Amino acid sequence: MEATQRCFMVVFMVLVLSAGHLQQTEAQRRCNAVEVSWCLESIVTNIPPSRECCRRLKGQEACLCRETHDPTFGGYLRLPGAKRVAAACGVNFPECN
């Protein structure tokens, strides 16, 4: 019986300790680089961003640094137009490494 309890405690502790690594923050669950596609026209031209672009960009604000590394849209987010569009939308575009 004691061995069973010890085994149960070990399994329980492993599950508890690993659960923190499995949880994502709310911001991480919302990150979706495809949302940036609504702003591509404004990023690469001088066309003002649409309301939909701004709405979606605001939803990705916490993800922008991460999304600058996205293989599909990251290159666009590294263009000067991305910061211009973010400013026009009232989105804080952080300095990213």
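Which residues make a nonpolar surface patch of about 240 Å²? The patch is made by V44, Y76 and L79, where nonpolar side chains (Val, Leu, Ile, Met, Phe, Trp, Tyr) are joined within 5 Å if their residues have over 30% relative accessible area and no salt bridge. This is a predicted model, in which local features need pLDDT of at least 70 and side-chain atom pairs count only at pLDDT 80 or more, while totals for chains, interfaces and linings use all residues. Residues are numbered from 1 along each chain as its sequence is written, and side-chain values use heavy atoms, leaving out hydrogens and water.

- V44 lies in helix 3 (residues 40-44), a helix being a DSSP run of H or I with at least four residues, numbered from the N terminus.
- With a relative accessible area of 49%, V44 is partly exposed, a class that lies between buried (under 20%) and exposed (over 50%), using a 1.4 Å probe and protein chains only.
- R56, placed in helix 4 (residues 51-59), is buried, with a relative accessible area of 17%.
- Leaving aside neighbours within four places in sequence, R56 is in contact (heavy atoms within 4.5 Å) with E35 and W38.

**Helix 7**

- The buried residues of helix 7 (residues 80-89) are G81, A82, V85, A86 and C89; seen down the helix axis, they fall within an arc of 140° (taken from the directions from the axis to the C-beta atoms), so they line one face of the helix.
- The face turned away from this buried side carries the exposed residues P80, A87 and A88.
- Helix 3, helix 4 and helix 6 (74-77) are among what covers the buried residues of helix 7.

Definitions and conventions: Patch = residues over 30% accessible without salt bridge, like charges linked within 9 Å, V, L, I, M, F, W, Y side chains within 5 Å. Areas by Shrake-Rupley, 256 points an atom, 1.4 Å probe, with all protein chains shown as cover. Salt bridge = Lys/Arg side-chain N within 4 Å of Asp/Glu carboxyl O. Helix = DSSP H or I, 4+ residues; strand = E, 2+ residues; numbered from the N terminus.
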